[in-house]
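Have the coordinates open as you read.

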Amino acid sequence: MIGPGKFCAALALALAGCAAHAAGPRAEVIHWWTSGGESAAVKKISEAYRAAGGVWVDTAIALGEQARSVTINRIVGGNPPTAAQFNTSKQFLDLVEQGLLNDVDDVAKREGWETLFPETVLRVIKVKGHFYAAPVNIHNMAWIWYSKAALKKAGVAAEPRTMDELFAALDRLKAAGLVPLAHGGQSWQDNIVFTAVLANVGGADLYLKVLRDRDPAAIGSEAFRKVLLTFKRLQTYVDPGSPGRNWNDATAMLITGKAGFQIMGDWAKGEFALAGKAPDRDYGCIAGFGAAPPYLIQGDVFVFPKTKDAQAVKAQKLLAAVATAPATQVEFSIKKGSIPVRSDVDASRMDVCAQKGIAIMKDKSRHLANGEVFLTPDQNGALADIVTAYWNRNMPVEKVQKDIAAALAN
Amino acid sequence: MGTKLNAIRRHAVSWTAMLPMAAIVIVAYLGTALWTLRISLSSSRTFPKDDFVGLAQYARLFANDRWMLSLENLALYGVLFIAAALVIGFLLAVFIDQKVAGEGVLRTVFLYPYAMSFVATGLAWQWMLNPEAGIQQAVRRMGYPEFRFDWIVDQDMVMYTIVIATVWQSSGLVMALMLAGLRGIDEEIWKAARIDGIPKWRVYASIVLPMLGPSVATVFMLLATAVVKLFDSVVAMTQGGPGTASEVPTKFIMDHLFGRANIALASAGSIVMLLTVLALVAPILYARSRARRPREAA
């Protein structure tokens, strides 16, 4: 039996007029969750929103950059969506400073966001004492994945626990005629490897000094030089077909057992799952090296463009509450491959890797924000250009250090 | 008296007819160009800002390694692409001009690449050039295990792959325009040359080619604008990589306009490109107007 609300919601996609007569508050949401797993994930939020009595109007736009520029153009043009997806980063800071977003302070206060969410997430969503975004999930973009079949073939008995053990394993894979490191040679993927090395080899202190403080002394230091050289050393383990490869094609190399390792975000789990591979049985996930490696926090949020329409404000508040509710967060993350932002959830239905992540997140000292939280999109891009140039070109490491210092000084 | 009124009326009609076009030029082209210039002198990020920072964005632009590399790449690409497309397009036109059988089919085949979106054909090129999936692998399987063709993953050769792919795409258009020019050559010239016993290639090189001057100029302008606009082929084939080896100015501008939320720096890049184009086009236009003037006087 189709209820009138559901019927109207379905119809609302075709007939804009219907939504106006719907009972609940109508929320048009712009997001870029368009791939198979992603759209299954966002469906969980829309279902929860409808169950809470609202009317969900889905505006999915492929590619984050594209979706964000549509959002910004519509806000500037005076026809903003009710809510829009951004990454947990400085991407929407300009919107906040221009006074173009509504805050959701009363929802945040009622639900106790202050104590519920990790410090690194609060740092992004809370500007000058007001909450401007509802966090949906946490991704860690620096997981180290490995194919159990490939490692077995190369005679690597145990999963590496240090960077040196990783290099030893890579050497054995190379000797066995396999591709040691499956890598997609695109700028953003080069930068994921860089971030992983900075966190694991440099440690949280150096990481923060470089990316948060943009400290020229730290960038010129011997420790950072070692990070860069380790990063460059990893490049010698990729195959010649790597440049330009898509990340999921690299993951496929692990799935077919052609390659040993890949450094990639936890969204890679979706690819393994599609191929019918199970964590711990077919592939392994390493969150980092050392006793207590940091957990790199990235993720998605909803922001709420400024509006005076009472009905729309109601919708914004309802969505903020629904998207951060424990059940929605778990359901969403199971499909998305991420983990919930709040720690007070029942994680028993999540996979082994996600549970590993949730366990790590319980230790506050291991939280580490991704670079985009500290850097403007512009600085982040300038850094990315240098990192990808260094990965692909032979240049003195001193020049790279100097270039990074100059790029972050802006 | 009556004729004067008629002239005014005639002028009024033609002016009214031109008004929409003039408005579009002034508002859409000049207006946005001026607005871009204004933004490039500000410290705007995601949104336009009203402040004034002088030439700071330009200083930053020219201190940026990626931008400088983009300009170098574009210069190298421009010279090779225009030269190769002109030569190949002309040769194809000459070939078809020999009254070959199946001319219609061949013309279509040569022109077809131009009709297709480069986003699609660029992906096909990417696969063909990929050392592990494309030509290299195919030739190796045929029994030449030492064969190497991995330009697209090579820092120093990647720009040449873009030249190859875009020449493939554009030379058909050059052919079509050149062929139209060739067909406009008076048959009498050919007859006279035959009687004088001048070899065919010599007629093409010394007589026909100079007569094709206007066609060549048109083709040159079309190719030159394609060079400045170079974007989709890079995005489809290499995404600027490996690393930053095949970055071009338009991609730099697009990245900063949207992904990197720095419209001031992107605007500065656009203005630099506009000035470059003007610097290249102005001498050509000037030379043309000079060439026309004596004839008008005569």
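How much space lies in the largest cavity? About 30 Å³. A quick word on terms: on a 1 Å grid over the protein atoms alone, a cavity is a set of points where a 1.4 Å probe fits but cannot get out, while a pocket is an open set with protein on both sides within 12 Å along at least five of seven lines, and lining residues have an atom within 4 Å of a point. Points join across faces, edges and corners, and a volume is the space filled by probe spheres set on them.

This is a predicted model, where local features need pLDDT of at least 70, side-chain atom pairs count only at pLDDT 80 or more, and totals for chains, interfaces and linings use all residues. Residues are numbered from 1 along each chain as its sequence is written, chains are lettered from A and ligands numbered from 1 in the order written, and side-chain values use heavy atoms, without hydrogens and water.

Back to chain A: I144(A), M163(A), L166(A), A196(A), V197(A), N200(A), I263(A) and F289(A) line the cavity. Helix 11 of chain A gives the most, with 3 residues (helices are DSSP runs of H or I, at least four residues, numbered from the N terminus).

Now hop to chain B. The second largest pocket holds about 930 Å³ of space. Its lining counts 29 residues, with V228(B), K229(B), M273(B), L274(B) and V277(B) nearest the centre. Helix 13 of chain B gives the most to this lining, with 9 residues.

Note on methods:
Helix = DSSP H or I, 4+ residues; strand = E, 2+ residues; numbered from the N terminus.
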